[in-house]
Amino acid sequence: MPSAMEGSEGGEEGEILRYEETEDDNVSPTDLSEMLKEGTKESHDRAENTQFVKDFLKGRIKKELFKLATVALYFTYSALEEEMDRNKDNPDFAPLYFPLELHRREPLVEDLKYFYGEDWKEKIQCSEATQHYVDRIHQVGQHEPELLVAHAYTRYMGDLSGGQVLKKVAQRALKLPSTEEGIQFYTFDNISNAQQFKQLYRARMNALDLDKNTKERIVEEANRAFRFNMQVFDELDKIGRSLTEEAQDGGFPVHDGKGDLRKCPYYADKLGKAGPGCPYHAAVACPAPGALAKQPLVQLILAACVAAAAGAAAWYMM
């Protein structure tokens, strides 16, 4: 990992790890952006210290796990953007509707095509932890749309900040193409200056006509979003511990272990979701029985699913 990322200070990359670092003399403690910043600090810190995030930031990421994370992101953003489209004219959310600049579903489709092929839809599932997150997003979008602000803020502001660090880590550790196949999710072609856009987004949030109680509910929902992300991280970490080294592509450290690793891992959240059923089925399409003996990774998948049936991995099941 480049030296600029070794700490929370110094270097352009080090400065984007926390997406609310920039000070603005014009903000008030009662502004929604400030309430979110202060009200989610503890959740942010807990997310930063999940094992999955710490390993990822050190470049210890297995390709199959990264693929599952991409699957999880696809289901999460599909739900989020469906509800954002539904509420694009709702005054409690409309000022934050930036489909051209922010929407991630289509880039994620391109990433899934790269990892799984044109028939990617037949090879992925939504994991249990991700499904819980997706269900909550739909519930909010349909019944409490003002709380959609919390989910959009938590996801997109992270994508534009620490997500850009994760992009570089993944590209290097997994030896992904320099043309950015597999990491289109992190590329925002229609945002020329991420810092300026984040300032605009926060200004739009602060201009929403919301009372104190609604703002407090949004902060509470943002903390809930962090918990969903941490549950996904934990799910991925458990899956990762079951993958053998031969399932890992790359994996050499890109951080020397020094410096402050308190990087908003939550964007790894972006990394974080897969689907119902055995997560391993999301990584590789189930082959014919006769092919199992010739495919070590598929043997691993089968073994994991057998273990799940025996009860050892019941945690994975819906």
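## The big picture

What you see is a predicted model. The protein has 14 helices and 1 strand. Of its 318 residues, 55% count as buried. Now think about who touches whom: among contacts with a separation of 6 or more, 84% are between residues 24 or more positions apart.

Let's begin with α2, which runs over residues 32-39. Is it enclosed or open? With 6 of its 8 residues buried, α2 is largely enclosed by the rest of the structure. The buried ones are Leu32, Ser33, Glu34, Met35, Leu36 and Lys37. They pack against α3 (41-48), α9, α11 and α12 (212-242).

Leaving aside residues up to four places away in sequence, Gly39 touches Val219 and Asn223. Gly39 and Ala222 are 183 residues apart along the chain, yet their C-alpha atoms are separated by 8.7 Å.

Next up is α11, with 13 residues (194-206). Why does its end-to-end span make sense? At 1.5 Å a residue the helix should span 18 Å, and its end C-alpha atoms are 18 Å apart, so the two agree.

Which residues of α11 are buried? They are Phe197, Lys198, Tyr201, Arg202 and Met205. Looking down the axis of α11, you find these buried residues within an arc of 140 degrees, so they line one face of the helix. There's a handy rule behind that pattern: an α-helix has 3.6 residues a turn, so residues three or four places apart point the same way. The cover over the buried residues of α11 includes α2, α6 (99-102) and α9 (148-159).

The N-terminal end of α11 has a cap, Asn193. One of the side-chain oxygens of Asn193 lies 3.1 Å from the backbone nitrogen of Gln195.

## Two helix pairs

How do you describe two packed helices? You give the angle between their axes and the distance between the axes. Here are two pairs described that way.

| Helix pair | Angle between axes | Distance between axes |
|---|---|---|
| α2 and α11 | about 105 degrees | 7 Å |
| α3 and α12 | roughly 10 degrees | within 9 Å |

For α2 and α11, an angle of about 105 degrees falls in the 65 to 115 range, so they are roughly perpendicular to each other. Leu32, Ser33 and Leu36 of α2 make the contact with Arg202, Met205 and Asn206 of α11.

What about α3 and α12? Their axes cross at roughly 10 degrees. Angles under 35 degrees count as roughly parallel, so that is what we call α3 and α12. In this pair, Ser43, His44, Arg46 and Ala47 of α3 meet Asn223, Phe226, Met230 and Phe233 of α12.

## Two buried residues

Leu68 sits in helix α5, residues 63-86. Its relative accessibility is 1%, so Leu68 counts as buried. The C-alpha atoms of Leu68 and Phe115 are separated by 10.0 Å, and these two residues are 47 residues apart along the chain.

Asn87 belongs to the loop between α5 and α6. Buried or exposed? At 7% relative accessibility, Asn87 counts as buried. If you skip residues up to four places away in sequence, Asn87 touches Phe93, Ala94, Gly141, Pro145 and Leu148.

Most residues other than glycine have a negative phi. With that in mind, look at the loop between α10 (162-173) and α11, where you'll find Lys175. Lys175 isn't a glycine, but its phi is positive, at about 55 degrees. Its relative accessibility is 55%, so Lys175 counts as exposed.

Glu180 lies in the loop between α10 and α11 as well. At 21% relative accessibility, Glu180 counts as partly exposed.

Methods:
Residues numbered from 1 in each chain as written. Predicted model: local features only at pLDDT ≥ 70, side-chain atom pairs only at ≥ 80, totals over all residues. Heavy atoms only, no water. Helix = DSSP H or I, 4+ residues; strand = E, 2+ residues; numbered from the N terminus. Expected span 1.5 Å × (residues − 1). Buried < 20%, exposed > 50% of the residue type's maximum accessible area, 1.4 Å probe, protein only. Arc of directions from axis to C-beta. Contact = heavy atoms within 4.5 Å. Polar contact = N/O pair within 3.5 Å; in protein donor to acceptor, adjacent residues only side chain to side chain. Axes fitted to C-alpha atoms, helices over the stretch in contact; angles between N-to-C directions. Parallel < 35°, antiparallel > 145°, perpendicular 65-115°, else oblique.
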